[in-house]
Amino acid sequence: YKDDLVKILLPPEASKLVDNISKVPGLDLLVDEAVKSINRAAEDAAVEAKPIFVDAVTNITITDGLSILNGADDAATSYLETNTSTQLTDAFSPKIGVSLNKKIIGNVSAESAYSSLISTYNQASLGGILFAKIETNTLAAHTTKKALDGLFLKVAGEEFKIRNDLTHRVNDILKKVFGEQ
């Protein structure tokens, strides 16, 4: 939530709605709470990545390892993304769904508030006649995708540091593997 590099905002197609709501005193708090909620949901789900990553790393073949070692600055990240995305999506989705359905203000969750807001907006648009209809009516799918994008962005950043900065090779394995390059 506090890291602008990976902070998840509301879906882009809702930006006009968000811009208009933010002009009304008090309603901008609802937008802020929704953004905070989707980021907290992604943070809650992130713990699911470790066992999936460990499993993927444990199953690296010699050929995969050599490709990663001799590959681009994001070769390991690409390997992880290719080999874990489906499992991560399956692990993140339910946890994010539960988090987004927690009550944040009164008896309203971020998911229900967003869904109601979009439904009302779409009705007011007369089915897309007055202004473009918003198709994304759930935060969970959007948040899951953005959480994975942010996760792999962070992994790629760490991989780049390990490959290019000796001080980030914090254990003997990293020193040995990347020191021989």
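Which helix does L29 lie in? L29 lies in helix α2, with helices (H or I, at least four residues) and strands (E, at least two) taken as DSSP runs numbered from the N terminus. This is a predicted model, so local features need pLDDT of at least 70 and side-chain atom pairs count only at pLDDT 80 or more, while totals for chains, interfaces and linings use all residues. Residues are numbered from 1 along each chain as its sequence is written, and side-chain values use heavy atoms, leaving out hydrogens and water.

**Helix packing**

- Helix α5 (residues 75-100) packs on helix α7 (residues 139-164) at an angle of about 145°, with the axes 8 Å apart; axes are lines fitted to C-alpha atoms over the stretch in contact, and angles run from 0 to 180 degrees between N-to-C directions.
- The residues of that α5 contact with α7 split into 15 nonpolar, 8 polar and 3 charged, where Ala, Val, Leu, Ile, Met, Phe, Trp, Tyr, Cys and Pro count as nonpolar, Asp, Glu, Lys and Arg as charged, and the others, Gly among them, as polar.

**Surface patch**

- L29, L30, I104 and I105 make up a nonpolar patch on the surface, with about 310 Å² of accessible area together.
- For such a patch, residues need over 30% relative accessible area and no salt bridge, and nonpolar side chains (Val, Leu, Ile, Met, Phe, Trp, Tyr) are joined within 5 Å; areas come from the Shrake-Rupley method with a 1.4 Å probe, and for residues only the protein chains shown count as cover.
- Both α2 (27-46) and β1 (103-105) supply at least two residues of the patch each.
- L29 itself is partly exposed at 48% relative accessible area (buried is under 20%, exposed over 50%, partly exposed in between).

**Salt bridges**

- The count comes to 7 salt bridges, each one a side-chain nitrogen of Lys or Arg within 4 Å of a carboxyl oxygen of Asp or Glu.
- K154 and D3 meet through their side chains at 2.5 Å, N to O.
- K154 sits in helix α7 and D3 in the segment before α1 (15-22), so this pair ties together parts 151 residues apart in sequence.
- E48 and K95 form another salt bridge, at 2.9 Å, N to O.
- Here E48 is in the loop between α2 and α3 and K95 is in helix α5, so parts 47 residues apart in sequence get tied together.
- K145 and D149 also pair up, at 2.9 Å, N to O; they are 4 residues apart in helix α7, which means about one helical turn between them.

**A loop residue**

- N59 lies in the loop between α3 (49-58) and α4 (62-69), and counts as partly exposed at 48% relative accessibility.
- N59 and N83 are 24 residues apart in sequence and 10.0 Å apart in space, C-alpha to C-alpha.

Notes
Patches are made of residues with over 30% relative accessible area and no salt bridge: like charges are joined within 9 Å, nonpolar side chains (Val, Leu, Ile, Met, Phe, Trp, Tyr) within 5 Å. Buried means under 20% relative accessible area, exposed over 50%, partly exposed in between (1.4 Å probe, protein chains only).
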